[in-house]
Amino acid sequence: MAQRAGGDDSEFTRRAADGGSAPSRREDARLVRGAGCFVADLLPEDCLEVVFVSSPVAHGEMGAVDVDDARRMPGVAAVWSAADLPAVPQTPPMLGITASAGRAWPALAVDRVRYVGQPVAIVLAADRYVAEDARDAVRLDISPLPVLLDPTDAAGSEVELFLGMPNVAVEKEYGDPIDPAVWRDAAVVVEGNYRQQLLAHTSMEARAILIRPEDDDGLTVWCSHQAPHRLRGDLAAALGLPEERIRVVVPDVGGAFGGKSETYPEYLAVAVAARRLGRTVRWVEDRAEALTGPPHGRGQNQRTRMAADADGRILAYELTIDADVGGYPHLGAFVPLNTSVMAAGAYQIPRVHVQTRCVVTNTAPTSPYRGAGRPEAATAIERTVDTLARRLGMDPAKLRQRNFIRPDALPYRTPTGFQYDSGDYPAALALAMRTVDYDGWRAQQAQRRRTGTGAPLGIGICSYLERSGNAWEFGSVEACPDGTYLALSGCCSTGQGHETSFPQVVASVLGVEPELIRLVEADTAIVPRGIGSYSSRSMQTGGAALHRAAGALMEQARGRAAESWAVPIEEVTYRAGTVSAGQRRVSLADLAAATGPLRADEVFEPPQAAPYGTYIAVVEVEPELGTVSVLRLVAVDDYGVVINHVIVRGQSYGSIAQGLGQALYEQVRYDPDGVPETRSLLDYLIPTLSEVPPVTLREMCTPNPNTALGAKGAGEAGCIGAPAAVINAVVDALDLDDPSAIQMPLTPFACWQARQPALAGAGR
Amino acid sequence: MTRIKLNVDGVRYDDDVEPRTLLVQHLRDRIGKVGTVVGCDTSNCGACTVLLDGVSVKSCSVLAVQADGKAVTTIEGLAEPGGALHPVQRAFHERHALQCGYCTPGMIMASVSLLADNPDPTDAEIREGLEGNLCRCTGYQNIVRAVHDAAAAMADGGGAAPPQVPAQAAPEQREVAV
């Protein structure tokens with residue numbers, strides 16, 4: 001059953017079948033004992049440790065790399081710069097993004113460095129301490145070049161980060177340009193400028209890879225990753241090896257959040273080293289490296305414009321994005337396209353136009369970070385809607401209710417070309433308002449303002465809509481002769497508990513106990529194909545593939561039995577792991593033993609889904625110091641059918657904490673020379689136990705109409721809904737006329753500074 | 001090199017170590033106690049928390065030589081392998097207080113230490129007591145619940161008390177080759 005938790009049990013407004021059971025997690029049996037196995041826990045004999053010499057300069061021309069002293073140090077196996085390698089592999093382009101053509105990201109820097117932290121040389125030694133000593137003995141000669149740190153500046157700069165190529169690596173447009181008459185004739189037009197700051201993923205386990213060369217010139221790769229088959233394909237392409245010579249195994253992963261779905265230069269350098277030396281080699285990133293990046297998340301400059309009539313009906317919405325993709329356009333160049341497609345949020349807006357530029361700069365390259373373009377979209381439109389409400393003098397909840405896409409208008413195609421599937425957006429807002437006691441807080445706010453007592457109080461709403469899943473996924477179910485079932489998935493758990501929830505899916509179809517089902521994923525030698533886990537896609541796509549595979553297995557068993565009994569298949573029925581016809585009856589285990597393997601493979605590609613919800617935050621801002629206290633945070637989410645409520649709610653809590661981190665604390669900072677200032681967890685502040693307020697979760701359930709399983713995406717919503725709810729609440733508390741006057745993170749200083757005009761104006 | 005004697009999870013280990021070797025690296029790389037993980041190197045995240053003579057320390061911020069003659073309890077020593085879980089481990093499982101599990105060894109050891117000092121902490125005391133341990137997955141809500149549950153279970157005598165410092169007398173001795 002769903003977990004009992006003091007005062008905030010789930011409420012299921014529309015309950016789908018089979019959504020409630022929640023066996024406890026199988027993964028925990030090893031993890032609570034310290035018996036989990038992360039990449040750094042593998043202790044192969046005779047393994048060399050890798051440390052990288054990285055660029056201390058954000059943009060520069062490389063001279064010679066002097067590795068002589070480092071090579072002479074006792075215990076050092078090798079030190080190489082790009083000049084020492086016969087060929088320097090480059091990271092392959094991802095997801096068909098052409099931006100990397102002519103801007104390839106090399107395993108080790110060649111000629112130029114483009115961000116602080118870019119690998120320049122690789123050091124190998126049996127002992128990590130020795131490798132670090134040798135790293136410090138490598139001398140670099142880098143002549144600094146002008147540094148570009150802001151995407152808008154970089155787009156307009158004459159400094160070319162890649163010679164002969166524009167700094168704008170991708171330029172895209174969604175929807176049709178809006179007729180100037182719309183802006184001219186509208187009763188109200190509001191504008192905003194919003195900054196999505198750069199974030200660090202900060203999975204507690206940083207990146208790690210271990211590579212063992214094999215006798216057939218192949219490689220076995222253990223990597224902390226989200227997409228093992230993608231990594232295999234990329235390594236094969238970069239190294240010029242056939243895919244089948246590379247086996248990728250992903251052991252336990254200590255969090256990923258989008259940052260472990262790529263193929264980084266370091267991985268290529270480690271592979272080159274393992275092959276050249278014929279030795280097992282590992283690289284375990286340290287925290288300073290992880291915070292310096294890559295990857296970073298977010299990083300957008302946004303301009304918004306919204307027109308409405310006098311009754312608050314939104315007529316047009318325009319979003320312009322300059323996205324920071326860092327020193328090399330990689331998977332981060334995909335993220336703003338996600339923002340663009342879902343720009344219009346949950347609203348029926350007749351005209352939507354988005355212009356997006358992905359711009360190279362001298363920050364570390366960006367990647368998807370939990371939410372991956374969705375929080376950026378939600379924050380832009382939700383801040384703009386609140387600005388519109390202020391301008392109209394209308395309650396922001398009422399303005400939203402007026403403009404939501406109505407349930408009977410679904411499915412709905414936006415002017416940017418994304419089809420929303422199902423849901424009830426007004427109901428989500430109404431439930432959130434009831435849960436938080438919206439009217440009560442508004443009354444208290446009015447009273448505080450009237451009497452001039454108490455800290456400024458604000459209420460902020462974010463009605464988000466996301467875009468979950470993409471592409472196909474592989475799922476397979478086999479009935480084994482010993483009475484168990486083997487499920488294979490192309491997904492890759494990084495803490496989401498697939499070992500528990502995927503067997504639940506299969507068991508529910510087969511009508512057997514989940515304990516009989518064993519899941520294997522994240523090993524390319526066993527799982528023939530797959531995509532991985534990101535974009536909230538595991539259950540929506542991978543779970544749906546397993547759901548279908550289990551169904552196909554039942555059909556296969558019926559067919560096999562019909563054949564061996566020589567009866568029409570219609571006479572064979574399946575029930576709870578057995579097939580029968582008349583008096584004849586056989587278990588799938590015996591059937592497989594008698595007639596050969598029973599296994600169904602499925603590749604399933606459902607359309608993207610549109611989970612949605614409403615978050616409401618109530619905050620106080622301490623007037624003298626600017627400190628924000630989140631008094632209440634209510635999250636209403638509709639993830640479609642939920643398979644394991646305990647796991648999904650756990651992810652909601654975690655995702656919300658990360659959203660609060662973006663809203664209030666987190667920011668990767670660079671000095672003017674492009675040197676990162678946030679190099680430890682003393683400088684880069686993720687929320688601790690003391691900062692995360694109690695959160696109230698409420699759930700709705702509108703099944704995904706495009707899969708039999710009915711699950712939509714889960715896991716990213718908190719990052720999407722929480723930031724805009726908090727920032728809207730703070731703007732409301734401070735009663736700011738210019739919403740652009742305050743940007744995330746809402747540090748005490750940022751709030752105090754934004755508060756100054758209000759203080760002066762109020763004469764307080 | 002300096003000779004140190006450690007009792008780790010009830011077993012004595014005598015090793016020669018470099019003075020600069022951190023306790024966590026010694027535990028992991030030399031003794032093979034990889035259940036204790038490294039999260040940050042700067043004592044901010046607490047993933048490497050162990051008990052040193054019964055008191056929680058961040059083992060990335062202790063030199064191995066500083067632990068000479070002392071007893072270390074790691075997550076691997078909290079319950080017998082395959083045996084019953086410690087109440088804190090059980091509560092973390094039952095309350096879904098872990099997801100990826102990377103911070104979990106340190107979070108559990110810090111909780112054991114907290115409950116040894118304060119057997120019945122309030123919400124605020126738990127949050128303050130564990131704020132030196134970072135988790136990026138759970139949002140902490142279920143961790144607070146788990147610590148409450150563990151406190152109740154331990155008060156009921158439902159499980160072992162926090163692990164005692166292993167006796168120094170005659171543990172199995174293992175020499176580790178340098």
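Which residue's side chain meets that of Glu266(A) in a salt bridge? The partner is Arg207(A), at 3.4 Å from N to O; a salt bridge here is a side-chain nitrogen of Lys or Arg within 4 Å of a carboxyl oxygen of Asp or Glu. Glu266(A) belongs to helix H7 (residues 265-277) of chain A, while Arg207(A) sits in the loop between strand E8 (188-200) and strand E9 (208-213) of chain A, so the pair ties together parts that are 59 residues apart in sequence. Helices (H or I, at least four residues) and strands (E, at least two) are DSSP runs, numbered from the N terminus. Over all chains, the whole structure holds 50 salt bridges.

The model is predicted: local features need pLDDT of at least 70, side-chain atom pairs count only at pLDDT 80 or more, and totals for chains, interfaces and linings use all residues. Residues are numbered from 1 along each chain as its sequence is written, chains are lettered from A and ligands numbered from 1 in the order in which they are written, and side-chain values use heavy atoms, with hydrogens and water left out.

The interface of the two chains may be considered next. Chain B and chain A each give 55 residues to the contact, where contact means heavy atoms within 4.5 Å. Together they bury about 4400 Å², of which 54% is on carbon and sulfur atoms; buried area is the accessible area (1.4 Å probe) that two parts lose on being put together, summed over both. Three salt bridges cross this interface. One links the side chains of Arg28(B) and Asp41(A), at 2.9 Å from N to O. On the side of chain B that touches chain A, the elements that give two or more residues are helices H1 (23-30), H2 (87-94), H3 (104-117), H4 (123-129) and H5 (141-155) of chain B. H5(B) provides the largest share, four residues.

Within chain A, a pair of helices deserves attention. Two packed helices are described by the angle between their axes and the distance between the axes. The axes of H14 (residues 498-510) and H15 (residues 538-565) of chain A come within 9 Å and cross at roughly 35°; axes are lines fitted to C-alpha atoms, for helices over the stretch in contact, and angles run from 0 to 180 degrees between N-to-C directions. Among the residues that meet are Phe502(A) and Val505(A) in H14(A), and Gly542(A) and Leu546(A) in H15(A).

Some details of the backbone complete the account. The peptide bond from Leu410(A) to Pro411(A) is cis, with omega near -5°, and Pro411(A) lies in the loop between helix H11 (396-403) and strand E16 (412-413) of chain A. Another cis peptide bond joins Met744(A) and Pro745(A), with omega about -5°; Pro745(A) is in the loop between helix H18 (717-734) and helix H19 (748-762) of chain A. Asp111(A), a residue other than glycine, has a positive phi near 70°.
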